[in-house]
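Please read the following explanation alongside the sequence and the model.

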Amino acid sequence: MIPSDKTDIDPQETQEWIESLEDELEEHGFERTRYLLEKLVDYASTKGARLPFNTNTPFINTINVNQEAPFKGDRETERKIKSIVRWNAMAMVVSANTNNPGIGGHISTYASAATLYEIGFNHFFKGPKHPDGADLIFFQGHASPGIYARAFLEGRLDKNALQNFRRELTPSGGLSSYPHPWLMPKFWQFATVSMGLGPLMAVYQARFMNYLIDRGLMKNTNRKVWAFLGDGEMDEPESTAGLTLAAREQLDNLIFVINCNLQRLDGPVRGNSKVIQELEGAFRGAGWNVIKVIWGTDFDEYINHENGHFFLKRAEEIVDGDLLKYVVEGGAYIRKHFWGKYPELLEMVATKTDKELEKMRVGGHDPVKVYAAFKEAVETKGKPTVILTRTIKGYGLGEAGEGRNITHQQKKLNQEELLYFRDRFDIPLSDKQSQSTLFYKPRANSKEAQYLLNQRKKLGGFVPERKTKGPRIKIPKITIFEELLNGSGDREISTTMAYVRLLTILTKDKEIGKNVVPIIPDEARTFGMDPLFRQLGIYAHNGQLYEPVDSDQFLYYKESKDGQILEEGINEAGAVSSFIAAGTSYSLNGVNMIPFYIYYSMFGFQRIWDFIWAASDMRARGFLIGGTAGRTTLNGEGLQHQDGHSHLAAAVTPNIKAYDLSYGYEIATVVHYGLKDMYEKNNDCIYYITVENENYKHPQIPKDVSADIVKGLYKIKSTKTPTIRLLGSGPLMNETLKAAELLKKDWGIEPGIWNVTSFSELRKDAEETERWNLIHPNKTQRKSHIEKSLSKHKVPTVAVSDYVKMLSEQIAPYVPGPFYSLGTDGFGRSDTRENLRHFFEIDRYYITLTALRALADEGVIKMNIAEQAIKKYNIDPEKPNPTTV
Ligand SMILES: Cc1ncc(C[n+]2csc(CCOP(=O)(O)OP(=O)(O)O)c2C)c(N)n1
Ligand SMILES: [Mg+2]
């Protein structure tokens, strides 16, 4: 009988209701009972009963013991394997830090997650040779030692590799600290260690798999995306940012496993409450299937005891801080403080020793419970699943750190602690062997070795394993972009319009049109891309269930199941996650996709650089298009919109090739080259192109400049007797050309004119040339593209861009002669382009003045010419520096 509480005005009636429920449960089971309860709640609501909203269930396992799928493995052998993996994972960190103090690494994260992973490896994770294709697994970054240790047992990594954990520069090779596909391209698939990126990327990965299926580009073979996450990590805003989308899109191919060891780096995740309950509320509220795995089998008898409600009550009362204390203090403390609260509870464990109480396993360390949860997760239909599993950080470390606040940082064990660990997990090593942290590998014909290999064989091979190549796709000839190469004639267009034209042409291409993935975060109309809505359709798993308000128009808002556009809403982090999913599809799905992600350039690198960094690490390929770029070219929007620095971020992201372009033919040239580079030559890089919204006439492509456009610099005009050269860039090319006119008209000086398409590509080439020359002094010295183009004339150079001065200053050391940089340092603001360019001192007059001053400094002209120019162009000498106002 359930005890009544003080608020119960009619306990007998309560009891009758409960008995009816019990009958129902017995006769018709859980499903029917749930149905009836839901009906009752709905009915009561319609009659005005304001029922409290509760997304939580009691603090017990979601799967009751009598609903549990039976465990399908050899428990003893699996325990042995797991223990050995535990040992080797610990040993690699301890030995790395003994040999090189301070090299780092983590023991405690994997120690808490070992059962979760081992159940996955032995029973669930589908490998690359599985007939249904491989599952995709996001491993918790700090658990990497455990994943390496298992690969060692599987024979994929040797002792030497383990010995060189975090020593990647060792000539014989080492293992990277965390999952980095850039560093271990045949092993890791996902870069997960910047916390919060993994969960959001996993959501979009699962969604992108459905996109490929719905568009008929991939078969539905029930592949899953598993994301193993930390409970502390769930505090990152990105971690929960994709929850509603995952539920809305019914991503039943997605499984989150949250390792709730209740601790993060410094201490408890939620000392004063319960992180599992909080997360349950968030996930259930978003519409996920939530499976809590809190208590191990040892607790079943107490939960299902006739006094089980006391257990429930006690479980509800305690907070995570208490649970952590129980781990550290041990059996007698647990008896007193947990069981001892109620006599009925204490009575239940009267026959247990303190040691037995201490050893009662929590859910995440119980293979039976974890197995049942994973099984239910993979079988769940119509919604994503999260498994919230209670584990113990530093499990098995004992005094050395189990459950302690220092556990995350524990990297060394003393001699005694090593022996404790060995005994705790029955590792067949001598004292001496253990104390020298020897790696242990069972013989090839041992039961453990055979079992482990056999289980992986059944599941289709080892994971993680990364494919480095996708299927070949044939890039069309550049002539498909003929209209861009031919210029716009008398039409004034923007580079954004030119880009949209290019995208439209590309999506119509018979060979690769279908592989193009246009991605937009609610900005299509800004960029003039709305006509593509109708032409390509907006991807919607459920199609279009309504008649759009503009259905009477030709270019209506068309959502469809096979829609090609990913319209992500105001969601740059989600959109870039789609970019990553599409850009890694060649490797992860064996389907080569070409993402074009266009966004407000200010909300790109500045906002989501960490994702772009991860994309680069993960060898994603595709085009990032910074739209409405340029501090002064986007004129009306002001300080928080005007981007004058994204190219700096791009310049220092190693495998990004960044271009700020002036004309349609440049866009066509760079995109075409990029397509070949990434999709034919299999180079792992990302192209970043900024496009703008200023309208002007685009000329026809000059002869023989294509290669130079890609290299970053091409000649617009040379002069017979060079005195000065102007380097224009992107939308500031027009001001550069106007300045050249002023120089000629007003001062009789004819500058050489160059167009810089990429300062960063020029700098990288110049640096590499210099580096090569440095270490090859006896060989014929090489010349960079800058030198080859400019070296003949050591005249002053004036470079201008719509970005901060540092952008063009990248190349200053390599350009012969004095170098003057004009740029847009400071906060943007709203005004006309003309006024803004004057304010930032990058307009035609400032370019002219700088050129004159440079020539005066060289002694080519008199200084008073510069003075005259200041007067002539109404330049205010008292004007404040734009960086200060
Ligand atoms: C964005 C980011 N911030 C901080 C860190 C540093 N960091 C690494 S692990 C960690 C604690 C992790 O706690 P949790 O997610 O609970 O994982 P556990 O090790 O407990 O399983 C922190 C703060 C990081 N890797 N990424
Ligand atoms: Mg944690």
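This is a predicted model: local features need pLDDT of at least 70, side-chain atom pairs count only at pLDDT 80 or more; totals for chains, interfaces and linings use all residues.

The expected span of a helix is taken as 1.5 Å times one less than its number of residues. Helix 29 runs over residues 733-747 and has 15 residues. From its first C-alpha to its last it reaches 20 Å, close to the 21 Å expected. Several residues of helix 29 are buried, including Met733, Glu735, Thr736 and Trp747. Ala739, Ala740, Leu742 and Leu743 are among the buried residues of this helix as well. Just after helix 29 comes Gly748, with a positive phi of about 65°.

Asp231 sits in the loop between strand 2 and helix 7 (237-241), while Asn261 sits in the loop between strand 3 (254-260) and helix 9 (275-286), so the pair ties together parts that are 30 residues apart in sequence. Are these two residues buried or exposed? A residue counts as buried under 20% relative accessible area. Asp231 has a relative accessible area of 2% and is therefore buried. Asn261 has 3%, so Asn261 is buried too.

A polar side-chain atom of Asp231 lies 2.8 Å from an oxygen atom of ligand 1. For Gln263 the contact is made by a polar backbone atom, 2.9 Å from an oxygen atom of ligand 1. Gln140 brings a polar side-chain atom to 2.7 Å from an oxygen atom of this ligand. On its own, ligand 1 has 590 Å² of accessible area, and the protein covers 76% of it. There are 18 residues around ligand 1, and Thr109, Gln140, Asp231, Gly232 and Lys393 come nearest. By type, the shell divides into 3 nonpolar, 10 polar and 5 charged residues.

The remaining points concern the backbone. The peptide bond from Val463 to Pro464 is cis, with omega near -5°. Pro464 belongs to the loop between helix 19 (447-458) and helix 20 (482-485).

Asn222 has a phi near 65°, a positive value in a residue other than glycine. Its place is the loop between helix 6 (197-214) and strand 2 (225-230). With 34% relative accessibility, Asn222 counts as partly exposed. Asn874 also has a positive phi, near 55°, and is likewise a residue other than glycine. Asn874 lies in the segment after helix 35 (863-872). How exposed is Asn874, and what is its relative accessible area? The value is 66%, so Asn874 is exposed.

Finally, Pro813 lies in the loop between helix 32 (805-809) and strand 20 (819-822). Its relative accessible area is 62%, which means that Pro813 is exposed. Pro813 and Gly308 are 505 residues apart along the chain, and 77 Å separates their C-alpha atoms.

Definitions and conventions:
Residues are numbered from 1 along each chain as its sequence is written. Chains are lettered from A and ligands numbered from 1 in the order in which they are written. Side-chain values use heavy atoms; hydrogens and water are left out. A residue is near a molecule or strand if one of its heavy atoms lies within 4 Å of it. A polar contact is a pair of N or O atoms within 3.5 Å; within protein, one must be able to donate a hydrogen and the other to accept it, and residues adjacent in sequence count only if both atoms are side-chain atoms. Accessible areas come from the Shrake-Rupley method with a 1.4 Å probe; for residues, only the protein chains shown count as cover. Ala, Val, Leu, Ile, Met, Phe, Trp, Tyr, Cys and Pro count as nonpolar, Asp, Glu, Lys and Arg as charged, and the others, Gly among them, as polar. Helices (H or I, at least four residues) and strands (E, at least two) are DSSP runs, numbered from the N terminus. Buried means under 20% relative accessible area, exposed over 50%, partly exposed in between (1.4 Å probe, protein chains only).
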